[in-house]
Amino acid sequence: MENSKNLQRLKKRLEGDVGRAIADYNMIEHGDTLLVCISGGKDSYAMLSLLMAMQQRAPVDFRLIAMNLDQKQPGFPADVLPNYLAGLGVEYRIVEQDTYSIVKEKIPEGKTTCSLCSRLRRGVIYRTAKELGANKIALGHHRDDIVHTLFLNLLFGGKLKAMPPKLVTDDGAHVVIRPLAYCGENDVAKFARGMEFPIIPCNLCGSQKNLQRQKVREMMADWDQRYPGRTESVFTALQNIVPSHLADNNLFDFKGLRVGSALDQMDGGDIVFDEPQLADKASLSPFGTFNLISA
């Protein structure tokens, strides 16, 4: 970005988005230790930069430990991240684990590697968090990743499920947070270019063709081009669930509905013959006004 003022405005907007996400989901509390997972991609670099900026001004004290998993991919520049993180002055840990060879051995040629690679990375991350005494694990997924995951599960998995901004690990030992949950990918990409982060491409993922996630990405890019604001609208929908107007018996007692039953208006009420209400772009933002930085 040629204009440093534009970069500063963008940084301020992203900090506001991160602050609102943290506040809305109570992602960070006083005394937390965050293991910040750094892959070498634009999203994780941006997440670390924004969390470090917020750490200086936030109303709570928390510790950051940047962590990178060196998966021993051929040609991986092992010196880039240590040099970069040392230059920032942030506490960090580089973990070396040859998950690349395991994935290449187990996954047949032509099949996607993401599922196994993700499971292996997750195990190493959880173990490292435990070793370092981190109670929170920060991942760099942004709003677009969350929306794309919704459509992946919807179209290919038969589930209405996305990435939550915050979750507890299966063993209950850690809380996983996604501070970029309110940040759009375009803003993150612009910020990364402006900051000139030393991006390291993932040859394991990036070399795969016909990934389902890539198809969903292309679908959403087409929608956003033709109908600007669709990604924001879908994300807002994830925060406005109406169980009585879906079909899950575990979320709503459809079997118990009888003549004379009254639906809670919070569930949408009797609107079966009503036209859907479409929010205008100005009302799509779920963010509110709270800003962790200025609070």
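The protein has 10 helices and six strands, where helices (H or I, at least four residues) and strands (E, at least two) are DSSP runs numbered from the N terminus. This is a predicted model, in which local features need pLDDT of at least 70 and side-chain atom pairs count only at pLDDT 80 or more, while totals for chains, interfaces and linings use all residues. Residues are numbered from 1 along each chain as its sequence is written, and side-chain values use heavy atoms, with hydrogens and water left out.

Of the 295 residues in the protein, 42% are buried, meaning under 20% relative accessible area with a 1.4 Å probe and protein chains only. Among contacts (heavy atoms within 4.5 Å) with a separation of 6 or more, 76% come from residues 24 or more positions apart.

Helix α2 (residues 42-57) packs with helix α3 (residues 80-88) at an angle of about 15°, and their axes are 13 Å apart. Because of that angle, α2 is roughly parallel to α3, a term for angles under 35 degrees. Axes here are lines fitted to C-alpha atoms over the stretch in contact, and angles run from 0 to 180 degrees between N-to-C directions.

From α2, Tyr45, Leu48 and Met52 meet Val80, Leu81, Tyr84, Leu85 and Leu88 of α3. By class, this contact has eight nonpolar, no polar and no charged residues; Val, Leu, Met and Tyr are among those that count as nonpolar.

Cysteines are the last topic. Cys37 is buried, with a relative accessible area of 11%, and Cys183 is buried at 0%. The count of disulfides, pairs of cysteine sulfur atoms within 2.5 Å, comes to zero.

Technical notes: Parallel < 35°, antiparallel > 145°, perpendicular 65-115°, else oblique. Buried < 20%, exposed > 50% of the residue type's maximum accessible area, 1.4 Å probe, protein only.
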